[in-house]
Amino acid sequence: MATTTATLSLTSNDILSNSLSLTKSMTLYKGGTTSTALEQMHYHRAIIPTGTNFDLIAESAALADNSNYVYIVNKNTDVTDYVTISINSEIIGKLYGEDFLFMPWNCDLSAAANDSSIEIQAYTHDCTIEYALFHVGETLVTAADS
Amino acid sequence: MATTTALISLSSDIGDSMLSLSNRTVLTTAGTDTGVTKTTGLSRIETSATDNVILFDSGESTSTAGTNAITSGKLYIQNLNDRGDGTKYVTLLLGTVEIGRLYGGDFAFIPWSGGAGNDLEITPSSTTDTTLEYVMFYE
């Protein structure tokens, strides 16, 4: 069984009058289980051109209604370059150069087609992003010539 | 200007070779290298509701942006419950759009643009008391 661990630390000495220091670690499990870790992943690097909202991670039956975790980082170094991350055309937020996110993602097939896919659009300049998806499964496509 | 740093690391033996990712970012205002200077501070809530609970109100539920009308934020949220039998979770929503599920012990760190209709809400999956901690950094 694979063990995947995510650790996040947030620190600041001056945003409050007292220092702020948070650290949290979690193991990435399958939903509905107590000890079965996620055993599948994708790790990609892509250049997102400006002008179009793309499906970064498309929904599929194999991913539905369970635990999936997404990590996305904008590798651009110009702080004015950003990507929007959205689901069903609702923008969650913007990742400027060097920003990252880590979040659970529930692929929900109950409503309109493609409405739970994770979407991305680049602004200002093309953005190089890296993302990892730790997931419960994928829908494999039968080879057309099989 | 305040300096607030977020550091993430992901490690796994999921593949034949060890996976080890890490990244560090300073939380800044939109499109600048100026550190954010505002935060909600760390909040802790307990709820046994299975209805939607609004964490940050951008007008989805109230039609007008509430007191938490924040734009360009970065949210950390954690489900403090034990994992239990692994079937209980909190759904994290953007208005009516489901983002994902925080099972006991899970956390998320996401940017949040706010704006009309994009309330940040949670919905526990059961009436079991759920304890959450969250903090928002914003402009």
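In this predicted model, the contact between the two chains draws 51 residues from chain A and 50 residues from chain B. On the side of chain A that touches chain B, two or more residues come from each of β1 (4-12), β2 (20-27), β5 (69-74), β6 (82-87), β7 (90-96) and β8 (100-104) of chain A. Of these elements, β1(A) gives the most to that side, with nine residues.

As a general point, strands of a sheet pair through backbone hydrogen bonds, and they do so in either a parallel or an antiparallel manner.

When residues up to four places away in sequence are not counted, A:Phe102 touches A:Ala6, A:Leu8 and A:Tyr71 in chain A, and B:Ile8, B:Ala108 and B:Phe109 in chain B. By way of a further distance, A:Phe102 and A:Thr50 are 52 residues apart in sequence and lie 23 Å apart in space, C-alpha to C-alpha.

Turning to chain B as a whole, this chain holds eleven strands and zero helices, so that its elements, read from the N terminus on, run β-β-β-β-β-β-β-β-β-β-β. The C-alpha trace of chain B spans about 50 × 45 × 25 Å along its principal axes. Of the 139 residues in chain B, buried residues make up 44%. Among the contacts in chain B between residues at least 6 apart in sequence, 69% join residues that are at least 24 apart.

Within chain B, four strands form an open sheet in the order β5-β10-β7-β8, and the pairing in this sheet is antiparallel. The edge strands are β5 (53-56) and β8 (97-103) of chain B, each of which pairs on one side only. On average, and with direction ignored, neighbouring strands of this sheet are turned by 30° against each other.

Two of the pairings in this part of chain B can be followed at the level of individual residues. Strand β7 (residues 89-94) of chain B and strand β10 (residues 120-124) of chain B pair in the antiparallel sense over five bridges, and B:Leu93 stands opposite B:Glu121 in β10(B). The strands β7(B) and β8(B) likewise pair in the antiparallel sense, in this case over six bridges, with B:Thr91 standing opposite B:Arg101 in β8(B). The hairpin of β7(B) and β8(B) has two residues between the strands, and in this hairpin B:Gly95 takes a positive phi near 65°.

Key: Residues numbered from 1 in each chain as written. Chains lettered and ligands numbered in written order. Predicted model: local features only at pLDDT ≥ 70, side-chain atom pairs only at ≥ 80, totals over all residues. Buried ≥ 20, exposed ≤ 12 C-beta atoms within 10 Å, placed from the backbone. Contact = placed C-beta atoms within 7 Å. Pairing = 2+ DSSP bridges. Axes fitted to C-alpha atoms, helices over the stretch in contact; angles between N-to-C directions.
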